[in-house]
Amino acid sequence: LFELVEHAWASSQASASLIRYITLPDVGECLLYSTQVDMGLILSMIFNAATSVRTIRRQARRLSESLELVPEETDSPAAETLPSRPTDLVRPKGWDEAVQKLEALTSNERGADASIPVRPEREKDVVYTAYTCLWLPADPTLELLDDLAEGLAVWIEDIAAENAWNVDDLTIFPDYVLVSLRAPEDILPDDAIMHLMDETARLSEDYFPEATNDGPFWTDGYYMVSPPRDLSDREIARFITYQRQAQLG
């Protein structure tokens, strides 16, 4: 995509923006919209080929406006405040034996009850893809605190465990969820993130119905970067601003 954008600008006579039909492997025909924004940046977006130009321009305008609303940060990167765990943990001596004993004990306690899910084993030769993702409550007034925050953290860990995914870092902030996840590379990041969002939304509606207000629990969009890294305060603020603007239509 980067090469396509670079080539499109190199061959274009336009000075402000351009639209090109492009073909992506395993995706098909798409529309590339690329435009110059403030701070010397070029904003490029990919849409379904059937998307109207009016919709494309409206989305581009919202995003460019959100970039302008957030001031430049000086010395407050999220890396200074957000804890981060190493991706390659070293197991303590005797770990495997202890886990085997615990699994055997748990199996005996369960007996023949097949309704209790067992965590699938992580395959040794499977390549994992890692990324950091962030999403927001659909209700701007909802704060993810106390029992709700604790529940979300437990559910995300459990959902990841059920799918043999690894949660390397997880923080529930009052106004957003931030998680670093590793999943097999044949699992699309979109599928993994949407599964986490859908399942936590369902559980939240079951256990905390007063928090849903009879509407969607999460916004439609999310923010994802790969490889995983700490997100800056400015990145987070930009995304939140864009999502809230999109909700207003």
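**View 1. Helix 4 and helix 5 sit oblique to each other.** This close-up comes from a predicted model. Helix 4 covers residues 146-162 and helix 5 covers residues 189-207. Their axes come within 10 Å and cross at roughly 135°. An angle over 145 degrees would count as roughly antiparallel, and 65 to 115 as roughly perpendicular, with the rest oblique, so this pair goes down as oblique. As for handedness, helix 4 passes helix 5 in a right-handed crossing.

**View 2. Here's who touches whom where helix 4 meets helix 5.** From helix 4, look for Leu-148, Leu-152, Trp-155, Ile-156 and Ile-159. Helix 5 brings His-195, Leu-196, Glu-199, Thr-200, Leu-203, Ser-204 and Tyr-207 to the contact. Sort the residues by class and you get eight nonpolar, three polar and one charged.

**View 3. Strand 1 and strand 2 make a hairpin.** Strand 1 (residues 17-24) and strand 2 (residues 28-36) run antiparallel, joined by eight bridges.

**View 4. Asp-146 and Ala-164 both have a positive phi without being glycine.** Most residues other than glycine have a negative phi. Asp-146 belongs to helix 4, and its phi is about 55°. Ala-164 is in the loop between helix 4 and strand 5 (166-173), with a phi near 60°. Which of the two is buried, and which is exposed? Asp-146 is exposed, because its relative accessibility of 62% is over the 50% cut-off. Ala-164 is buried, because its relative accessible area of 7% is under the 20% cut-off.

**View 5. A cis peptide bond joins Ser-226 and Pro-227.** Most peptide bonds are trans. For the bond between Ser-226 and Pro-227, omega is about 5°. Where is Pro-227 found? Look in the loop between strand 7 (223-225) and helix 6 (233-248).

How values were computed: Residues are numbered from 1 along each chain as its sequence is written. This is a predicted model: local features need pLDDT of at least 70, side-chain atom pairs count only at pLDDT 80 or more; totals for chains, interfaces and linings use all residues. Side-chain values use heavy atoms; hydrogens and water are left out. Axes are lines fitted to C-alpha atoms, for helices over the stretch in contact, and angles run from 0 to 180 degrees between N-to-C directions. Helices (H or I, at least four residues) and strands (E, at least two) are DSSP runs, numbered from the N terminus. Angles under 35 degrees count as roughly parallel, over 145 as roughly antiparallel, 65 to 115 as roughly perpendicular and the rest as oblique. A crossing is left-handed if the near helix is turned anticlockwise from the far one by less than a right angle, and right-handed if clockwise. Contact means heavy atoms within 4.5 Å. Ala, Val, Leu, Ile, Met, Phe, Trp, Tyr, Cys and Pro count as nonpolar, Asp, Glu, Lys and Arg as charged, and the others, Gly among them, as polar. Two strands pair if DSSP finds at least two bridges between them. Buried means under 20% relative accessible area, exposed over 50%, partly exposed in between (1.4 Å probe, protein chains only).
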